Amino acid sequence: MKIVKELAKMIDHSILHPTHTDDDLIKQCEVALKYDVASVCVKPYAVKLAVGKLKGSSVKVGCVIGFPHGNSSTAVKLFEAKQACHDGAAEIDMVINIGKALGGDWDYVESEIKAVTDICHKNKAIVKVIFETDFVTKTEDKIRLCEICTRVGADFVKTSTGYGFVKLSNGDYNYKGATLADVRLMRKHSGPSVQVKCAGGVRTLDDLLKMKEAGATRSGATATEAILSDAMKRFGEK
């Protein structure tokens, strides 16, 4: 049914775990093809392989930049973005410089987001700007980032990487990832031409439906098969 296709085209199938091999990448690209998702999101070195595997399909190849902590210099992020586009990436997910945002150096943050956005658009790729909301937790900072992304013409604002692990009181590390509150906030404070992507912790069909209702038009996911097989059962076959 139409709703299943719509949900599939919300998903950026994430193939980003550090342990993924080329064989894993190929298998996960086959999952993306099976369900006809919006895109795969891969590491920079994997762009060419993913492009080859997905050639002739409607599944786009996206690539992460400055991932996962955003600490690369602007020049390095620009080089990564340009190279990814050259290798065939149609979408770029960049991580902001988190420390600069937390330190209030908004001129730096804006200059970097604009530079990456401009080079992506020059190479006919869209750009999604990752805030990493497990680290950037103040509402006013998230709003400021939405305003910056709107001003510089970014295509998406994005909650998280899924790798923003915070040390807990018991010494373990975990992350919260996307929350409905953050998606609503980002939708409210981003311009009409800027879409919202949730990522991190969207593992079930109900999670995805709630994010969609909150204003997300894309979602990162590793549980793509589980989400879309449940959607087919609930709403009918594509």
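This is a predicted model: local features need pLDDT of at least 70, side-chain atom pairs count only at pLDDT 80 or more; totals for chains, interfaces and linings use all residues.
**View 1. Helices α8 and α9, side by side.** Here we look at α8, residues 180-189, and α9, residues 205-214. Their axes cross at roughly 25 degrees and come within 9 Å. That angle falls under the 35-degree cut-off, so α8 and α9 are roughly parallel to each other. The crossing of this pair is right-handed. On the α8 side, the contact is made by L180, V183, R184 and R187, while α9 brings K210, M211 and A214. Sort the contact residues of α8 and α9 by class and you get four nonpolar, three charged and no polar ones.

**View 2. Helices α2 and α3, packed at an angle.** Now over to α2, which covers residues 22-35, and α3, which covers residues 47-54. The two pack at an angle of about 40 degrees, and their axes are 10 Å apart. That makes α2 oblique to α3. As in any such view, two packed helices are described by the angle between their axes and the distance between the axes. From α2, the residues D22, L25, I26, C29, E30 and L33 make the contact, and they meet L49, A50, K53 and L54 of α3. In the contact of α2 with α3, seven residues are nonpolar, three are charged and none is polar.

View 3. The model has three aromatic pairs, and F67 with Y163 is an edge-to-face one. The ring centres of F67 and Y163 sit 5.7 Å apart, with 75 degrees between the planes. This pair links distant parts of the chain, since its two members are 96 residues apart. F67 is in the loop between β3 (60-65) and α4 (74-87), and Y163 is in the loop between β6 (156-158) and β7 (166-167). F67 has 24% relative accessibility, so it counts as partly exposed.

**View 4. Y163 again, this time with F165.** The centres of the Y163 and F165 rings are 6.3 Å apart and their planes stand at 80 degrees, so this pair is edge-to-face. F165 counts as partly exposed, at 37% relative accessibility.

**View 5. The ring cluster.** Step back from the pairs and you'll see a cluster: ring pairs link F67, Y163, F165 and Y175.

How values were computed: Residues are numbered from 1 along each chain as its sequence is written. Side-chain values use heavy atoms; hydrogens and water are left out. Axes are lines fitted to C-alpha atoms, for helices over the stretch in contact, and angles run from 0 to 180 degrees between N-to-C directions. Helices (H or I, at least four residues) and strands (E, at least two) are DSSP runs, numbered from the N terminus. Angles under 35 degrees count as roughly parallel, over 145 as roughly antiparallel, 65 to 115 as roughly perpendicular and the rest as oblique. Contact means heavy atoms within 4.5 Å. Ala, Val, Leu, Ile, Met, Phe, Trp, Tyr, Cys and Pro count as nonpolar, Asp, Glu, Lys and Arg as charged, and the others, Gly among them, as polar. A crossing is left-handed if the near helix is turned anticlockwise from the far one by less than a right angle, and right-handed if clockwise. Rings of Phe, Tyr and Trp (its six-membered ring) pair if their centres lie within 6.5 Å; planes under 30 degrees apart count as stacked, over 60 as edge-to-face and the rest as tilted. Buried means under 20% relative accessible area, exposed over 50%, partly exposed in between (1.4 Å probe, protein chains only).
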